[in-house]
Amino acid sequence: MIHYTRTVKSITIANLINVNKCKCVIRKIHNVGLNDIPKITATDIRKLLRQKGFAVQDGYTALTTKCSICSGDQKCSDSKVYVNKTTGYFVCPKCNVHGDWNIMERLVKKAKVEATIKDFIEQCQQKAEQFHKAWETVLNETTSLTKLNETELLDLFRLFELPFHSEANKLLSDVRVSSDRTVLYFPLKNSLDKIVGYRKVQAGREDETESFGLHTAGLFSCRAPKISRNDEAILVPTIEDVLNLAAQKVPGTLIWLSNCSLPPIVLPTLENYQKLCLWGDWDNMRAVAEKLGEERCRFVRPMDGLVTASEAAAANLPLKSLVAEAKPAAHRSITTFAALRDDVYFEVTNVDKVRGIKWRRFPALTRLLGGHRRGELTVLTGPTGCGKTTLCAEMSLDLAQQGVNTLWGSFEIRNSRLARTMLQQFAGVPLEQNLQDFDKYADEFEKLPIYYLAFHGQQPIKVVMEAVEHARYMHDISHVVVDNVQFMLGLGEEREGDRYQRQDAVIAAFRTFATARHCHVTLVMHPRKERESEDLSTSSIFGSAKASQEADNVLIIQDKRLTAVRGKKYLQVAKNRYSGELGIVPLDFDKDALSYQAKKKTKKSQDEPDKLLNQCFQEYSIDEPTYIQDFDEKLSKRNLSGKYKNTRNTDRSSFLSDVLNSTT
C-alpha cells in the first residue's frame, strides 16, 4: 500500500518562452513544486504551539491560537491566528498577515523577529493598506443599492437578470453600483467582517466575475431580513441562488461560493458555523464538504433535474423545506444501497449532468464519451511524434476554459514550452506573427485555472503524489494530466520486470487517487513498438495489461499518413467504461493554431449556393419599379371576379418561371 503525505507550498514563477528569437514573458505560470515544503501534521503543530506556551483551540479545519504578531497591541488583544490542520497555512484576520507554516514556525520558535520575517509582515500589511485605498476609491465612485428607489432597483435587476423582491436593497446593502449602472461591486469579508476584497460583475458578462484585493481571504455573505440564526450557513454557487433563498426567507447566512472554490486562506471565515448546507453541483460540493469537514455538512440533493436553488425556485418548489430536509454526507465506508440510493437517483434524474463536461472543441469526442467526468482514469497513447502532448494540451485547455481546475505534470517537455503551445491554442493564431497582441492573449490566459508541476524527467512516485495531493487541496484541482508515464519512471538500472512493476505501481496510485479524491486523471503513455502497417490497440500500451484494465477510457491516436497514400490521422476511442460506445474522431491539424479542433464551415462557403442563386435572379430579373408596377396597375384596372382574386402572386411567380425556363 502506498501512503500519501499532503504537502504545503505552492510558488509562482515567471517562465520564459522564445517566440521568433524574441524573449517574451508569460507571467504568473503557476508551478506546484516541493521547494521549502515542510512535512507537518496537525499533531506536530499542536505540540509545538503548546510547548511555546500558546493555548490551542481545536476547530473543524484549523487550530486557533493567539497571534504573536499583533497580540502586543492593546487594541488587538482579542486577535486570533488560524493555522490550517492540513497544510499549516496561517492567517490572522486582525493584522492581515498570512503565509506558510515555515514562517509561523520561525515566529513561534524565536523570541526576536528576524529581519526577513519583518519584511514579510510589512509587505502583507502594505498590500492590505493598498487595498483599503483602492476600496475607498470604489466607495467614492459608486452608490449603495440602499440609495436607489424601487424603480431604479428594478431596472438594475432586469439588466443583470437577477431575481427581484421588495427587500433586495436591504439584503444587498453592502453592494455598490457604478454611476452608469453597469457594474456591481460585491464586498468580500473575512471572519471578523472586515472587507478584504471585492468581486466585480459587469452587465452582459455576469459569468466572467473578476476579484480584487485579498479576495481569497474573504467571502460574500448576507442574511435575509429578520433572520437572526448565526450557527448555520448555506453555500451556493451564484448570486441568483442567494437572492432566491432570501426571497423565501430561508434561515441562516447565505454565502456566495463562486466557482465552488475554497482556498485554505478562506476556511477560517466558515470556522464558526456549526452546520453548513451545500446546494449546487453535486460533484463540486462533495470536494467542498471534504475540505470543510463532512461531519458538519449537509447536501440538498438534486431532484428531477433541478440542481441549483434558482432552478428549484423557478419550478415553484419550497426552498425552506428543501433546506430543512438536506441530508448529511454519507460516510465513505458505508456501501449499502441505502447510502447509495441518492447517488443512483441523481444519476437517473440528471443524465446530462452525469455525462460530464462537454468538450466544445471536440464535439465528436463528446458524442462518444459523453463528457469529462470526475473520478475516472483516461489513458492516451499513440506512436512517437503523432501529437499526443499537443492533443492532450488542447483537450485540457478546452476544459479549463469551462472552469475545470487543471494540474499538468509535464515530465517530457518543459513547462515553458507546454505553456507556449497552450497559449497559441488559446489565441488561435501564430504568436510570432502577432507579437503586438501577445500581452492581451497572455493576460487572458493567466485567468485560466491551470497549474503546472515543477518537475522534469524521472521522479519518485511518492514525491509526485505529494505534490498532486497538495495541489488538489490548495487549488481544488479536478483534472490531473501526466505526460508521460515512461518519462516519469525514467530508464534506471533495474531489470525490465522491475520497470513493469514500477509502472503498475504508478497506475495503481493514480487509479486510487482518482477514485478516492473524485478527480479525473489523464495518463499519456507510449505504446510498444508495433509494425507500421498494424493498428494500435489496447494491448499495444507499453508494460503489462494493468493500464488498459484500470483505465475507464482508452484513447489511441492512429496515424496512417506514412503508410498510405491518402492516410489520415484520427483518434480512436478503444475503451469507454461509461457507455461502452466506441468509434473514431478525425484529426485535422491546424499548424497556425496548433489545434486539432474540427474546422467550422466559413460563412462564405455556407452562403455560396444561395449567393449563386441570387446572382441568377439578378441577372435575369426585370426592374421591380418598371415591370411589377405596370403589371399591378393593369391588374387593378380589371374588374376582378372571384376566380382572379389570388392570381396576382401566381402571375408573378409564373412570369419568373418563364424567364428562367427561357434561358435554358
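These legends accompany close-up views of a predicted model.

**View A. Helix 2 packs against helix 3****.**
Helix 2 spans residues 101–109, and helix 3 spans residues 115–141. Two packed helices are described by the angle between their axes and by the distance between those axes. Here the angle is about 120 degrees, and the axes lie 11 Å apart. Helix 2 is therefore oblique to helix 3. The crossing of the two helices is left-handed. Helix 2 contributes Ile103, Arg106 and Leu107 to the contact. Helix 3 contributes Thr116, Ile117, Phe120 and Ile121. Sorted by class, the contact of helix 2 with helix 3 has 5 nonpolar residues, 1 polar residue and 1 charged residue.

**View B. The buried residues of helix 2****.**
Trp101, Ile103, Met104, Leu107 and Val108 are buried in helix 2. They sit on the same side of helix 2, because they cover an arc of only 155 degrees around the axis. An α-helix has 3.6 residues a turn, so residues three or four places apart point the same way.

**View C. Leu235, a buried residue in a strand****.**
Leu235 is found in strand 14, which covers residues 232–236. Its relative accessibility is 0%, so Leu235 counts as buried. Leu254 is 19 residues away in sequence, yet the C-alpha atoms of Leu235 and Leu254 are 6.4 Å apart. With residues up to four places away in sequence not counted, Leu235 touches Ile255, Leu257, Leu270, Leu276 and Leu278, among others. Also touching Leu235 are Cys277, Trp279, Met285, Val288 and Leu292.

**View D. Ile477, a buried residue in a loop****.**
Ile477 lies in the loop between helix 16 (461–475) and strand 22 (479–483). Ile477 has a relative accessible area of 3%, under the 20% cut-off, and so is buried. Neighbours within four places in sequence are left aside in the contacts that follow. Ile477 is in contact with Asn405, Thr406, Leu407 and Tyr451, and also with Ala471, Arg472 and Cys519. Arg517 is 40 residues from Ile477 along the chain; their C-alpha atoms are separated by 9.7 Å.

**View E. A cis peptide bond between Asp483 and Asn484****.**
The bond joining Asp483 and Asn484 is cis, with omega about -10 degrees. Asn484 is placed in the loop between strand 22 and helix 17 (485–489).

**View F. Positive phi at Arg181****.**
Arg181 is a residue other than glycine, and its phi is positive, near 65 degrees. Arg181 belongs to the loop between strand 9 (176–178) and strand 10 (183–189). Its relative accessibility is 27%, so Arg181 counts as partly exposed.

**View G. Positive phi at Asn316****.**
Asn316 is not a glycine, although its phi is positive at about 60 degrees. The loop that holds Asn316 runs between helix 8 (309–314) and helix 9 (319–324). Asn316 has a relative accessibility of 70%, so this residue counts as exposed.

Terms used
Residues are numbered from 1 along each chain as its sequence is written. This is a predicted model: local features need pLDDT of at least 70, side-chain atom pairs count only at pLDDT 80 or more; totals for chains, interfaces and linings use all residues. Side-chain values use heavy atoms; hydrogens and water are left out. Axes are lines fitted to C-alpha atoms, for helices over the stretch in contact, and angles run from 0 to 180 degrees between N-to-C directions. Helices (H or I, at least four residues) and strands (E, at least two) are DSSP runs, numbered from the N terminus. Angles under 35 degrees count as roughly parallel, over 145 as roughly antiparallel, 65 to 115 as roughly perpendicular and the rest as oblique. A crossing is left-handed if the near helix is turned anticlockwise from the far one by less than a right angle, and right-handed if clockwise. Contact means heavy atoms within 4.5 Å. Ala, Val, Leu, Ile, Met, Phe, Trp, Tyr, Cys and Pro count as nonpolar, Asp, Glu, Lys and Arg as charged, and the others, Gly among them, as polar. Buried means under 20% relative accessible area, exposed over 50%, partly exposed in between (1.4 Å probe, protein chains only). The arc is that of the directions from the helix axis to the C-beta atoms.
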